[in-house]
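Hi everyone, thanks for coming. Have a look at the screen for a moment, and then I'll walk you through what's there.

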Amino acid sequence: MTQNIFESELMERHIFRNLEVLSPHYVPQELPHREEEIREITRTIAPVLRNENPGNMFIYGKTGTGKTCVVQYVIRKLREFVENPEKNTSNVPVKVVYMNCKVRNSKYQVLLKILEDESLNEESLRDVPLRDGPKNQLRDQLRGMDPADLYDRLFNVIQNNGINLIVILDEIDMITKGLNDLMYILTRINDELTRGHVSIIGISNDMRVKKRLDPRSRSTLCEEEKVFPHYNAIQLKAILKQRISMGFKKNTVDNSIVSRIAAFAAQDGDARYALRLLKKAGELAENSNSERVTMDHVESAKKAVEEDIMAEAISTLPEHQQIVMYSIAALASQGGMYKRLSGIGTGDLFTGEVYEVYENNCRALNRNPRTMRQFSQYLSELEMLGLITTSISGKGIRGTTRLIRLGYPPEEIKVIVKRSLGIDQ
Ligand SMILES: Nc1ncnc2c1ncn2[C@@H]1O[C@H](COP(=O)(O)OP(=O)(O)OP(=O)(O)O)[C@@H](O)[C@H]1O
Ligand SMILES: [Mg+2]
């Protein structure tokens, strides 16, 4: 008799024990090799518990160095402490609002999120005159307010309740509108409050955000700074082993496999990449009914994860940059319009020829092509994301020019952009 599809899906797994601990959002009970970072952030925040004003803090580190999970970990510990009446004898109202600024990317959105957040709901509701109280009405009312009203409300909620508020702005570089304004507002609140306090922890993997702050905002936010270093291979092994012991069945992942994954991820010191590789390799082993994870699974996982990362990077690009990527890929797959000149690698394209193709593609898509200057800026941004590399040619027939080389197979890129921009042909 054939199996029901759910029956086979639920059949016992060979490899995984608990997939939840391999999710990117899972924060373990312990974070190996981040003891010092945890201690310093705790030390910065701790004064709130004595009803003293904690400082602001800027946390910087490359992607996957554990910034988000360390901060989440400290918030969890703080909440545990605050909610335990035996420990928190001072009874200071401490509230923490965490947000990711990819979603909350303007001054207005940030203020709204603070007031909407569950941790301030109770206090906020006390102040908002609601006829009959479901929470979504609070949301609707807040959303009808302008920034000045939001500011007044926030001030009143904090002042009336004497709240010590910690606002965590993760990926603060994603705030595109009103970053300096936001810093002013949050510091002005402190100047005007006679009870309660607001402190800010900004997190970013992009140092350039500091340059966007004017000197006053910068000295406010960067009162204290913490840089998260890269993880080395040994540290990544410890992080991997912790998840393996929780998420995998016994003896399914050998030490040599852990070393291989750690070595791959150590190139960028990125724990997220390490954990992604581990999970993917586990899935490949599981799907092939293997009893354990093999080197082949790791190799295939690496390829699959890199393709996924590239696809995510491309499909989240702004439209014109996607058209630029498409133009580069289209030209690369044809080998370029001009015959390759001696001394120039076969994969290299001239900026000028790519720009022409980009202009044509924009017209075909009914978009206005951006200027050459803007186009050059796009190239720099694509290079930063690792999607292309550029180099300057030596003086040749066409003078000095920037040469462009694609970091991934052109056919795959074309498929991804077509899907992402909804082009069918
Ligand atoms: N010391 C650690 N112990 C256990 N897991 C860790 C540790 N550091 C990072 N991780 C895990 O690695 C992944 C990436 O970490 P995290 O999201 O904190 O990186 P990040 O520094 O915030 O990166 P990004 O700048 O891209 O946001 C997460 O799944 C996290 O749980
Ligand atoms: Mg993060």
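Let me start with one term: I'll say two strands pair if DSSP finds at least two bridges between them. Helices (H or I, at least four residues) and strands (E, at least two) are DSSP runs, numbered from the N terminus. What we have is a predicted model, in which local features need pLDDT of at least 70, side-chain atom pairs count only at pLDDT 80 or more, and totals for chains, interfaces and linings use all residues. Residues are numbered from 1 along each chain as its sequence is written, while chains are lettered from A and ligands numbered from 1 in the order in which they are written.

So, how confident is the predictor? pLDDT is its confidence in each residue, from 0 to 100. The chain's mean pLDDT is 89, with 91% of its residues at 70 or more. Residues 337-344 are a stretch to be careful with: pLDDT stays under 50 there. For that stretch the model has 10 contacts beyond four places in sequence, a contact being two residues whose C-beta atoms, placed from the backbone, lie within 7 Å.

Now the overall layout. The chain splits into domain 1 (34-228), domain 2 (232-311) and domain 3 (317-421), with bounds that come from an automatic or database domain assignment. Between the C-alpha centres of domain 1 and domain 2 there are 35 Å. Where those two touch, 5 residues of domain 1 are in contact with 5 of domain 2. On the domain 1 side, that's no nonpolar, 4 polar and 1 charged. For those classes, Ala, Val, Leu, Ile, Met, Phe, Trp, Tyr, Cys and Pro count as nonpolar, Asp, Glu, Lys and Arg as charged, and the others, Gly among them, as polar.

One is open, with 5 strands in the order 2-3-4-1-5 and parallel pairing. Its edges are strand 2 (94-100) and strand 5 (224-228), each pairing on one side only. From one strand to the next, the twist averages 15°. Strand 2 and strand 3 (residues 164-170) pair over 7 bridges in the parallel sense, and methionine 99 stands opposite leucine 169 in strand 3. Helix 3 packs on this sheet, its direction making about 155° with that of strand 2. Axes here are lines fitted to C-alpha atoms, for helices over the stretch in contact, and angles run from 0 to 180 degrees between N-to-C directions.

The other sheet I want to show is antiparallel: 3 strands, open, in the order 6-8-7. Strand 6 (349-350) and strand 7 (388-392) are the edges. Strand 6 joins strand 8 through 2 bridges, and phenylalanine 350 has leucine 403 as its bridge partner. Strand 7 joins strand 8 (residues 402-406) through 5 bridges, with isoleucine 392 opposite arginine 402. Helix 15 (residues 319-334) lies across strand 6, strand 7 and strand 8, at about 85° to strand 8.

Terms used:
pLDDT = per-residue confidence, 0-100.
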